Amino acid sequence: MVNIVESQTTKIREELLNLLRARTGFYLSGEEISVRLGVSRTAVWKNVNALRNQGYIIESYPRLGHKLKDVPDLLLPLEIKAHLKSKALGQNVYHFASIGSTQEYSFGLAQKGMSEGALVVAEEQTGGRGRRGRSYFSPRGGIWFSILLRPPLPPHMAPVISLAAGVALAEVAAELGLQSILLRWPNDVLIGGKKLSGILAEMSAEPDLLHFVILGIGINANMARDSFPEELRQMATSLELEIGQKVNRVEILCNVLQKLEKYYMQLLEKGPSSILEAWKSFPNILGKHVKVNSLDGVYEGVAAGLDEEGALLIKDDAGQQRKFVAGDVSVRGVS
Ligand code: BTN
């Protein structure tokens, strides 16, 4: 029962916001809103106030009605809904002003049976998780989110999902006009040699059965140089730093979700080779001399290719080829 009431309230707020948005800059009378939404004038007031409490700037005068003046710079479900172009990814949104890690919360949702595409997004993470057990710097101004996927794939194919995410992010970066994009295997997107975003795909699986994947993505969006700790300044960049102005984080997030859905569907319909081709179509580390820091040591050589499951092939000076399914890659001359 509570859920039905909650979803009706959300629907009314969504429609109210749509009406106000469609008439941005103009007043819309309480009378007209109440007729169009099929609710009382009191309900209109209540919901206008609820939107104000979420950070929407709405001007109201008794004779004129209500005018939307500004929307909050937050990754709110109502904002995401208004910009979303993907069909499944992001239809259910869980938003947090602050959270330990969106990965952890998504795992909880997945274990409770939540359907594919659920999006957990936060303004900041206090315990952001990076690859290989590292912590991940995720303050306000960035875009930190996790997506629940239930791919009908064997577990050994899961790494290709994070390659697909890298491609989606690189495509968004290219659309924003960013130059010097480099895909650093397995899934970092570098701009001018500095890391713009990180991807972490964690899964729940049995040896031959994949239950779900939590795909975590962090994008340094509106972050100034001095918002990074000293030790990250040489290695990391942000959209704000690269573009020279702040970006609309909701639009970027929705664009990433749309591209991600496109490549995810491509993976399911056409198989991993189509993703590997897309990955290779962006500037990447293949052909470069790299160092791979893996669990069983550090290896150097030329990045010779990717195998059919996305593993990295390195050829050393002696011409010997080695395959890596995980590891940190550093490229000579690149951070
Ligand atoms: C890496 O580069 O090491 C991967 C970083 C992944 C960070 C994202 S931010 C959203 C999601 N929640 C987390 O705790 N981690 C991922």
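1. First, a term: on a 1 Å grid over the protein atoms alone, a pocket is an open set of points with protein on both sides within 12 Å along at least five of seven lines. A molecule sits in a pocket if more than half of its atoms lie within 2 Å of its grid points. Here, the space taken by the ligand is the largest pocket.

2. Before going on, note that this is a predicted model, where local features need pLDDT of at least 70, side-chain atom pairs count only at pLDDT 80 or more, and totals for chains, interfaces and linings use all residues. Residues are numbered from 1 along each chain as its sequence is written, and side-chain values use heavy atoms, with hydrogens and water left out.

3. Now the polar contacts (pairs of N or O atoms within 3.5 Å). A side-chain atom of lysine 195 is 2.5 Å from a ligand oxygen. Backbone atoms do this too: one of arginine 129 lies 2.6 Å from an oxygen of the ligand, and one of arginine 131 lies 2.7 Å from a ligand oxygen. Taken alone the ligand exposes 420 Å², and the protein buries 98% of that (Shrake-Rupley method, 1.4 Å probe).

Note on methods. Polar contact = N/O pair within 3.5 Å; in protein donor to acceptor, adjacent residues only side chain to side chain. 1 Å grid on protein atoms, 1.4 Å probe; cavity = no way out; pocket = protein on both sides within 12 Å on 5 of 7 lines; lining within 4 Å.
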